[in-house]
Amino acid sequence: MSFQERVFSGVQPTGALTLGNYLGALSRFADYQDKYECLYCVVDMHAITLWQDPKELHENTLGVTAAYLASGLDPAKNIIFNQSQVAAHAEMAWVFNCVTRIGWLNRMTQFKEKAGKHRENASAGLYVYPSLMAADILVYKATHVPVGDDQKQHLELARDIAQKFNHDFADIIRERTNLEDFFPQPEPLIEGPAMRVMSLRDGSKKMSKSDPSDNSRINMDDDADTIAQKIRKAKTDPEPLPDEEAGFEGRPEAENLVGIYAALAQEPKLAVVDRFAGAQFSEFKKDLTELAVTTLAPVSDELRRLKADPGHLESVLKAGSERAEAIAEPIMKETKAIVGFVGA
Ligand code: AQP
């Protein structure tokens, strides 16, 4: 069955965006804007699954909007909006909470990581986060989802939810729409050498905007001196750079820095390994700093300029929400009718 091709992705407004968010998600979003109809969402409802200070949430929502624009997204071509302004996300999430099985949610590694040892104290929202994510995608019948590698498991769950809904309501879907499937199976778009950028302090943890240590990450709006200082302090080991990819075995921090270089230079990792084979990390870090600063400077300058005009960012979100609502509303209405709700 063929569905109209449509891209959906989202970023949580939980802090200043990192190089991980940029390389794993934002820098790739603009590549899709000429090929697909794209919806890029600031997922503020996901953000509150962990405590957010209301003033900071407001500021960070505008910050992510600015980062979308600074990364090259054209608000006329793409639908840029915040999740809480389109009520259908929450409505669809409820239907999906009743389709999703508890056993499926129990397998989600992100919940285990974020809830940590205090599982009993985690919000119910954090637990059902993946069914809200499935709703975000499927309320637009999106077919393609560009995400970092860390979101792969959630996307597989969204596919399971779509499949179970299509199966559970197969008779009524056929009767009402003449179609086999009501929802598509969304495909992940996970490509490139930096799909999982790791922390600068610990190569086993992903670079994250909510990590308590600012030295663990490069922020999209860090200035040149801060970037240089963070790369200088980044954890490595005493060995020089290897001359083949197999040489990264047991050296996650070394591999991470080379992966970051490859993603920034838009080159395969192997080409970077060949160029720096046998070099000392002190030398490599100088080149990496220069590359990071020159790549991020135009983005961070634009980010600062856009953040200074919150009125403009609010108007972008409002216009985007209206366009998003126009797509979601009929899909939500039909979903309610399929489920059997009176009045839909
Ligand atoms: N380290 C990373 N490497 C590659 N991609 C990454 N992404 C996030 N971190 C990395 C991708 O960025 C997009 C937006 O992510 P998010 O803000 O919705 O949530 P997240 O994945 O939980 O990112 P963070 O930075 O770790 O946020 P917090 O700290 O709030 O949990 C996604 O496409 C993600 O894959």
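# Reading a predicted model, feature by feature

Analyst: Let's start in helix α9, where aspartate 168 and lysine 164 are four residues apart, so about one helical turn separates them. Keep in mind as we go that this is a predicted model.

User: What do the side chains of aspartate 168 and lysine 164 meet in?

Analyst: The general idea is that side chains of opposite charge can pair when their charged atoms come close. Here, aspartate 168 and lysine 164 form a salt bridge, at 3.0 Å from N to O. Aspartate 168 is partly exposed, with 39% relative accessible area.

User: Which residue does lysine 318 meet in a salt bridge?

Analyst: That would be glutamate 322, with an N to O distance of 3.1 Å. Both belong to helix α15, which covers residues 310-339, and being four residues apart they are separated by about one helical turn. Lysine 318 counts as partly exposed at 49% relative accessibility, and glutamate 322 is partly exposed too, at 48%.

User: How many salt bridges does the structure hold?

Analyst: There are 23. Another of them links aspartate 149 to arginine 196, whose closest N and O atoms are 3.1 Å apart.

User: Now strands. Which way do the residues of β3 point?

Analyst: In a regular strand, side chains alternate between the two faces of the sheet. In β3, Ile79 and Phe81 point one way, Ile80 and Asn82 point the other way, and all are buried.

User: In which sense do β2 and β3 pair?

Analyst: They pair in the parallel sense, over four bridges, with β2 spanning residues 37-42. To find the pairing on screen, look for tyrosine 40, which stands opposite isoleucine 80 in β3.

User: How many disulfides does the structure hold?

Analyst: A disulfide is a covalent bond between the sulfur atoms of two cysteines. This structure has zero disulfides. Take cysteine 38: the nearest cysteine sulfur belongs to cysteine 41 and is 13 Å away. Cysteine 38 is buried, at 1% relative accessible area, whereas cysteine 98 is partly exposed, at 48%.

User: One last thing, the backbone. What is the phi of asparagine 178?

Analyst: Most residues other than glycine have a negative phi. Asparagine 178 is not a glycine, yet its phi is positive, about 65°. You'll find asparagine 178 in the loop between α10 (170-177) and β5, and at 71% relative accessibility it counts as exposed.

User: Where is glutamine 266 found?

Analyst: Glutamine 266 is in the loop between α12 (252-265) and α13 (269-276). Its phi is positive as well, about 55°, although glutamine 266 is not a glycine. Glutamine 266 is exposed, with a relative accessible area of 73%.

Note on methods: Residues numbered from 1 in each chain as written. Predicted model: local features only at pLDDT ≥ 70, side-chain atom pairs only at ≥ 80, totals over all residues. Heavy atoms only, no water. Salt bridge = Lys/Arg side-chain N within 4 Å of Asp/Glu carboxyl O. Helix = DSSP H or I, 4+ residues; strand = E, 2+ residues; numbered from the N terminus. Buried < 20%, exposed > 50% of the residue type's maximum accessible area, 1.4 Å probe, protein only. Pairing = 2+ DSSP bridges. Disulfide = S-S within 2.5 Å.
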